[in-house]
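Please look over the sequence and the model shown here before turning to the notes.

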Amino acid sequence: MLRTPDFGPDDDFLACGGDSLVALRVSGAMKRHGWRLRASDLVAAGSARAVAARMERF
């Protein structure tokens with residue numbers, strides 16, 4: 001969704017082109033796969049690794 005082919009678990013979401021609209025799309029995709037993740041968590045956490053620590057299965 002970021003269109004950054006080398007995005008890794010420690011890369012910063014916002015620095016790699018992420019924004020609130022991308023965060024909403026990611027949040028929706030995660031929800032469809034059974035994971036609870038708010039878009040604001042994605043923006044606040046920064047890296048994918050930090051986001052993973054905040055996610056919950058529902």
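The notes below cover the fold, the overall dimensions, the surface and one residue.

The model is predicted. The chain contains three helices and two strands, and from the N terminus on these elements follow the order α-β-α-α-β.

**Dimensions and contacts**
- The radius of gyration of the chain is 10 Å; a compact globule with 58 residues would have a value near 10 Å, so the chain agrees with that expectation.
- The C-alpha trace of the chain spans about 30 × 20 × 20 Å along its principal axes.

**Burial, surface and charge**
- Of the 58 residues of the chain, 31% count as buried, where buried means under 20% relative accessible area.
- The chain has an accessible surface of about 4,000 Å², and carbon and sulfur atoms contribute 55% of this area.
- There are 9 positive and 7 negative side chains in the chain, and the centres of these two sets are 11 Å apart.

**Residue R3**
- R3 lies in the segment before helix 1 (20-32).
- R3 has a positive phi of about 60°, although R3 is not a glycine.
- Most residues other than glycine have a negative phi.
- The relative accessible area of R3 is 76%, so R3 counts as exposed, a term that requires a value over 50%.

Notes: Residues are numbered from 1 along each chain as its sequence is written. This is a predicted model: local features need pLDDT of at least 70, side-chain atom pairs count only at pLDDT 80 or more; totals for chains, interfaces and linings use all residues. Side-chain values use heavy atoms; hydrogens and water are left out. Helices (H or I, at least four residues) and strands (E, at least two) are DSSP runs, numbered from the N terminus. The radius of gyration is taken over C-alpha atoms; the globule rule is 2.2 Å times the number of residues to the power 0.38. Buried means under 20% relative accessible area, exposed over 50%, partly exposed in between (1.4 Å probe, protein chains only). Accessible areas come from the Shrake-Rupley method with a 1.4 Å probe; for residues, only the protein chains shown count as cover. Lys and Arg count as positive and Asp and Glu as negative; His and the chain ends are not counted. The place of a charge is taken as NZ of Lys, CZ of Arg, CG of Asp or CD of Glu.
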